[in-house]
Amino acid sequence: GSAKILSLLDTMDKEAIAKMAGDLAATPLSWSDTQGSAMQELLLGKLTELDPDRALAVALKLPDMWGRMQAGGVVIQQLARTSQASAEAALEKFPQGYLRKNIIAGLAASMAQTDGAGAVAMLQRLKSPPGDWAWGQTFQAWAGRDPSAAAAELLKMPRPIAQRSSGDIASAWAKRDPAG
């Protein structure tokens, strides 16, 4: 179904997509509304391709924290696919606090699945405090792909980050390579 919706979105102009995204944003979604959430993700992803600033504005206007968190994550992740610098610049538009920390953690964990060192470098550029959960999620995602590289990088980290993330790496490594 998503492929069909994306094909349909490819035939629509930016204004129509922005209107649909805005209309959906004005409708509160529940945690269990997977269809609405999937549609929102597709609409915002496409709108981000066409007009990133407008997509970000729609995401930030959502009426509830959960919606802003989910939508903001979609916009930032889509931006990161084409330009990491654009994604990081867009992060600056989110207010300090839980919402921003959550979106940063999601982006870093997603990045770590393909570029663990890049995710760590991004967290350092963004000055994520050592106690933030973004570090644990990043190392856990990285360890799921390459536990030895994640462990080697963890040895270079400040003690609070290393202590918090060592168990995540050990657990992921044990699942992937029990003998190792």
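Where does Asp-132 lie?

Asp-132 is found in the loop between α8 and α9. The model is predicted, and in it Asp-132 counts as buried, with 10% relative accessibility; the cut-off for that class is under 20%. Leaving aside residues up to four places away in sequence, Asp-132 touches Lys-101 and Arg-164.

With Lys-101, Asp-132 forms a salt bridge in which the closest N and O atoms are 3.3 Å apart. This pair links distant parts of the chain, since Lys-101 sits in helix α7 (residues 98–112) and Asp-132 in the loop between α8 and α9 (133–145), 31 residues apart. Lys-101 is partly exposed, at a relative accessible area of 34%.

## Helix α7

The end C-alpha atoms of α7 are 21 Å apart, which agrees with the 21 Å that its 15 residues should span at 1.5 Å a residue.

Buried residues of α7 include Leu-99, Ile-103, Ile-104, Leu-107 and Met-111.

## Other salt bridges

Side chains of opposite charge can pair when their charged atoms come close. The count for this model comes to 9 salt bridges.

One of them joins the side chains of Arg-54 and Glu-15, at 2.8 Å from N to O. Arg-54 belongs to helix α4 (residues 52–60) and Glu-15 to helix α2 (residues 14–25), so this pair ties together parts that are 39 residues apart in sequence. Arg-54 is partly exposed, with a relative accessible area of 30%; Glu-15 is partly exposed as well, with 45%.

Arg-125 and Glu-88 meet through their side chains in another salt bridge, at 2.4 Å from N to O. Here Arg-125 lies in helix α8 (residues 116–125) and Glu-88 in helix α6 (residues 84–91), so the pair ties together parts 37 residues apart in sequence. Arg-125 is partly exposed, with a relative accessible area of 45%, whereas Glu-88 counts as buried at 12% relative accessibility.

A network of salt bridges links Asp-10, Lys-46 and Glu-49.

## The largest pocket

The volume of the largest pocket is about 200 Å³. Its lining is made up of Leu-6, Asp-10, Glu-41, Leu-42, Gly-45, Lys-46, Glu-49, Val-74, Gln-77, Gln-78 and Arg-81. The elements that give two or more residues to this lining are α1 (2–10), α3 (34–50) and α5. Helix α3 gives the most, with 5 residues.

Asp-10, Lys-46 and Glu-49 are among the lining residues, and these residues are linked in the salt-bridge network described above.

## Confidence

The chain has a mean pLDDT of 86, and 93% of its residues reach 70 or more. Of the residues already discussed, Arg-125 lies in α8 and Glu-15 in α2.

Conventions: Residues numbered from 1 in each chain as written. Predicted model: local features only at pLDDT ≥ 70, side-chain atom pairs only at ≥ 80, totals over all residues. Heavy atoms only, no water. Salt bridge = Lys/Arg side-chain N within 4 Å of Asp/Glu carboxyl O. Helix = DSSP H or I, 4+ residues; strand = E, 2+ residues; numbered from the N terminus. Buried < 20%, exposed > 50% of the residue type's maximum accessible area, 1.4 Å probe, protein only. Expected span 1.5 Å × (residues − 1). Contact = heavy atoms within 4.5 Å. pLDDT = per-residue confidence, 0-100. 1 Å grid on protein atoms, 1.4 Å probe; cavity = no way out; pocket = protein on both sides within 12 Å on 5 of 7 lines; lining within 4 Å. Points joined across faces, edges and corners; volume = space filled by probe spheres on them.
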